[in-house]
Amino acid sequence: MKKYAKLICAVLVLALALGLGACGKPAEPKNALEKIKAEGVLTVALSPDFSPMEFVDSSKTGQDQYVGFDVTLAKYLAEELGVKLEIQAMSFDACQTAVSTGSVPMSISGYSWTETRAENYDLSDYYYAGENETEQVLLIRAADAEKYTKPEDFDGKDVGAQNASLQMQLVTEQLPNAKCVTIGEIGVGVLELQNGNIEALAVADGNGTQIIANNPDLVKCSWQFDVKAEYEANVVMMHKDEPELLAAVNAALKKAYDGGLYAGWYADALELAASASAIEVTVED
């Protein structure tokens with residue numbers, strides 16, 4: 001009888017030990033939002049070649065070097081989620097691939113809403129960054145200002161646009177007889193334009209303003225793209241089918257909008273983009 005009592009006691013002790021072990025082990029995150037909070041870090045991919053949205057302050061190093069409207073927004077989202085922010089700088093193409101494969105939960109890099117992106121990613125509600133998203137323009141050489149004034153003038157001409165961008169879509173749709181040239185990074189596109197390898201470069205208006213400030217040999221074409229209302233704002237891009245993270249981001253965006261924060265963020269980004277230490281950096285994959 002004593003033998004059986006000892007055996008039962010041993011079994012109970014083992015069961016209790018296993019139970020305590022199970023209770024002490026943290027539960028596996030069930031979704032992207034839980035994983036971010038469990039790790040205490042929000043990782044955001046961006047391409048720092050697009051001022052005033054995201055660029056580099058050359059007077060700083062590490063994470064502090066990344067600045068601009070979208071960087072401020074990323075910091076705000078991290079604060080709202082109660083975690084730290086980690087920026088991963090990569091090319092514009094690579095940012096989207098990283099989100100698609102799930103290697104990062106989100107990217108904030110001056111994205112406009114498009115039908116294709118809506119099919120492949122979770123896209124946030126709109127956020128508004130000054131004039132940057134309201135107009136899309138063509139940059140041309142100042143010497144060609146009178147040469148290019150209407151869509152037909154670009155027939156058969158090489159027009160550059162960043163790969164996988166809204167600008168590429170607009171060039172294809174609204175300049176169907178032009179030759180759309182894929183540009184990996186905007187800085188490269190500017191050099192291609194200045195060197196005469198392309199005749200125009202499609203960019204967001206705010207970005208174009210910053211480019212012209214640093215390159216007075218370029219101007220905006222008098223003709224502009226006709227931009228649909230649904231494209232006239234920016235969105236945060238997230239991995240598909242993560243409703244919890246999407247809801248949390250949208251709640252934070254609403255709070256920022258209701259608090260009137262966007263205008264100040266954009267004004268600060270413009271001021272910093274005009275400083276001597278501001279540079280646009282091409283990231284090689």
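This is a predicted model: local features need pLDDT of at least 70, side-chain atom pairs count only at pLDDT 80 or more; totals for chains, interfaces and linings use all residues.
The space inside the largest pocket comes to about 250 Å³. Helix α2, spanning residues 32-39, and strand β1, spanning residues 41-46, each supply at least two residues of the lining. Of the contributors to this lining, α2 has the largest share, with four residues.

Turning to the strands, an open sheet is built from five of them in the order β9-β8-β10-β7-β11, and the pairing is mixed. The edges are taken by β9 (179-183) and β11 (218-220); each has a single partner strand, so one side of each is left without a neighbour in the sheet. From one strand to the next, the twist averages 35 degrees. Within this sheet, β8 (residues 158-162) pairs with β10 (residues 200-204) in the parallel sense, over two bridges. Here V159 stands opposite A200 in β10.

Two helices can be followed across these strands. Helix α7, made of residues 186-194, lies across β7 (136-141), β8, β9, β10 and β11, and its direction makes an angle of about 150 degrees with β10. Helix α8, made of residues 205-214, lies across β7, β10 and β11. Relative to β10, helix α8 runs at about 120 degrees.

Technical notes: Residues are numbered from 1 along each chain as its sequence is written. Side-chain values use heavy atoms; hydrogens and water are left out. Two strands pair if DSSP finds at least two bridges between them. Axes are lines fitted to C-alpha atoms, for helices over the stretch in contact, and angles run from 0 to 180 degrees between N-to-C directions. Contact means heavy atoms within 4.5 Å. On a 1 Å grid over the protein atoms alone, a cavity is a set of points where a 1.4 Å probe fits but cannot get out, and a pocket is an open set with protein on both sides within 12 Å along at least five of seven lines; lining residues have an atom within 4 Å of a point. Grid points are joined across faces, edges and corners, and a volume is the space filled by probe spheres set on the points.
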